[in-house]
Amino acid sequence: MKYVIGVDLGTSAVKVLLVDQSGAVTAQASAAYPLQQPQPGYSEQNPEDWVSGVKDAIEKLFATSKVAASDIEGLSYSGQMHGLVLLDAAGKVLRPAILWNDTRTTKQSEEIMAKMGDKFLEITRNRPLEGFTLPKILWVKENEPEIFKQAATFVLPKDYVRYRMTGTLNMELSDAAGTVMVDIAKKAWSQEVCDAFDLPMSICPPLVEATDQVGMISADFAKESGLATSTAVFGGGADNACGAIGAGILRPDQAMCSIGTSGVILAYEPDTQADYHGQLHFFNHAVPGRFYSMGVTLAAGYSLSWFKKTFAPEASFNDFVGSASTSTIGAHGLLFAPYIVGERTPYADAKIRGSFIGIDGKQTRADFVRAVLEGIVFSFRDILDIYEANGKNFKQLVSIGGGSKSELWLQIQADIFNKEVVRLESEQGPGMGAAMIAAVGLGWFADFSGCAEKFIAVKKVYQPNPEHVAEYQQLHQIYQQIYPQTKKMTGALLDFEESHQV
Ligand SMILES: Nc1ncnc2c1ncn2[C@@H]1O[C@H](COP(=O)(O)OP(=O)(O)O)[C@@H](O)[C@H]1O
Ligand SMILES: O=C(CO)[C@@H](O)[C@H](O)COP(=O)(O)O
């Protein structure tokens, strides 16, 4: 039997999947790494932690599967998007990576829009939001000029890991789109964007497609990880592009709901025709020549993990999430807005902060857990509303990511979306998508549809319950009032907090 490995470089951990030619997951392993938040709005990771995490996880994979390294024909990646890894001329990392959920770059984002306006949207198909890579580069240029002077190039998180595994440096297109420095339609770095911000084109690495073979596992990495130098390495994709492939979202009538650290509602776009006027992100797909749109809730799984870490550190995740079933729809009068690190969709607002609304002496911790689960899905509902306002009406949503491990949360999704919600055999959509990229890259399948037929299996379909749907519609209307009514207050609190930082 021959195998491929999908490496999903997430924000909380790296997850590796060993998948055989029939699409069965033979083994999986993970390794967690820390997130540094030195100031409000800052979010950084050490790229070396990703590399050692990948090695640890691959060693665990071999320990549990007993598969021979020489039988692993290909390996590819799914990566957390947008994170800036600055490298000097020798390929050395110059500072910690600034991640997708870091929002220190409001000033730079505003400057980009002020300078290029609609032209920026026309080229990159996106508004310059704080999370994207270009504002991060401009932040370093302005605030750390000594570091910027040494920068020869930059890459994204999974591209850095691939560089360390193969010795070849490049950037893969679906991820490069999230730098907002690429001309999406032309599939090339935009000279116009680079010139506007006085960035030399030489810092932009060569672009590759997801299924391009970029090299083999290097002798050094083979020695340290147990992999073989005969394993071919493919470009990989942005985690949401990979999630879409791993969820089988390969037609315009399908959508994906992903609950990882962030949360995403995503749709496949066959071409560049759809225009959401920057309300949704629009990127090149990991399926060569195709595109996808998506809206992002910055703190989806992160809101739940934060709540658990803060108020129930001793509980198991399953018991903690399960406790919400003892509460009711609407959590006995409690609503949660998940803006705890700012928001992207539908409110591109780095300064908004979260709220619990309707706290009542009768409520228990289980009500708070329920409110967190529901609030995250209300935020997704806001994204679905944008799609529906633009004429998209999906038949069903495929749910992936850590959040899709909970039956209760899946049913809440079906009820709030008023759509069928599909759970797959493996909730690891991005990792499966990465494995599928390697399988297609190796030529095991002619295209992703052929691979999806073999690799993706449905576990269960959750149907919306009409009574619950009606109740959630009422609650969603109340939820939608939270943003406008709390914006000023939470902004003032954030200013107060920032002015009191020592
Ligand atoms: N048993 C569970 N039930 C529901 N949600 C869970 C469970 N375990 C973890 N999660 C959620 O999944 C999230 C992590 O999902 P994952 O897809 O692994 O994220 P990432 O790719 O960002 O590292 C956590 O933030 C947590 O809120
Ligand atoms: O910023 C985005 C998408 O634009 C995030 O979706 C990141 O790509 C991180 O993903 P997870 O770690 O939550 O999977």
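## Domain record and model

Let's start with the annotation: an unreviewed UniProt entry places the feature "domain: Carbohydrate kinase FGGY N-terminal" at residues 3–246. UniProt positions follow the numbering used here, feature names are shortened, and annotations may be inferred rather than shown by experiment. Over residues 3–246 the chain is 36% helix and 24% strand, with the end C-alpha atoms 16 Å apart. Helices (H or I, at least four residues) and strands (E, at least two) are DSSP runs numbered from the N terminus.

This is a predicted model, in which local features need pLDDT of at least 70 and side-chain atom pairs count only at pLDDT 80 or more, while totals for chains, interfaces and linings use all residues. Residues are numbered from 1 along each chain as its sequence is written, chains are lettered from A and ligands numbered from 1 in the order in which they are written, and side-chain values use heavy atoms, leaving out hydrogens and water.

## Around ligand 2

Ligand 2 is surrounded by 14 residues, the closest being Thr 11, His 82, Asp 239, Ser 262 and Arg 344; a residue is near a molecule if one of its heavy atoms lies within 4 Å of it. By class, this shell has four nonpolar, eight polar and two charged residues. Here Ala, Val, Leu, Ile, Met, Phe, Trp, Tyr, Cys and Pro count as nonpolar, Asp, Glu, Lys and Arg as charged, and the others, Gly among them, as polar. Both α10 (239–246) and β19 (291–297) supply at least two residues each to the shell.

Turning to polar contacts (for a ligand, pairs of N or O atoms within 3.5 Å), an N or O atom in the side chain of Thr 11 is 2.5 Å from an oxygen atom of ligand 2. Asp 239 brings a polar side-chain atom to 2.7 Å from a ligand 2 oxygen, and a polar backbone atom of Met 81 is 3.0 Å from an oxygen of ligand 2. Taken alone, ligand 2 exposes 380 Å², and the protein buries 94% of that (Shrake-Rupley method, 1.4 Å probe).

## Around ligand 1

Among the 21 residues around ligand 1, those that come nearest are Ser 12, Lys 15, Thr 261, Gly 301 and Ser 305. The shell divides into seven nonpolar, twelve polar and two charged residues.

A polar side-chain atom of Thr 261 lies 2.5 Å from a ligand 1 oxygen, and one of Asn 318 lies 2.8 Å from a nitrogen atom of ligand 1. On its own ligand 1 has 580 Å² of accessible area, of which the protein covers 86%. Two or more residues of the shell come from each of β2 (13–20), α11 (301–311) and α12 (317–322), and α11 gives the most, with four.

Methods:
Polar contact = N/O pair within 3.5 Å; in protein donor to acceptor, adjacent residues only side chain to side chain.
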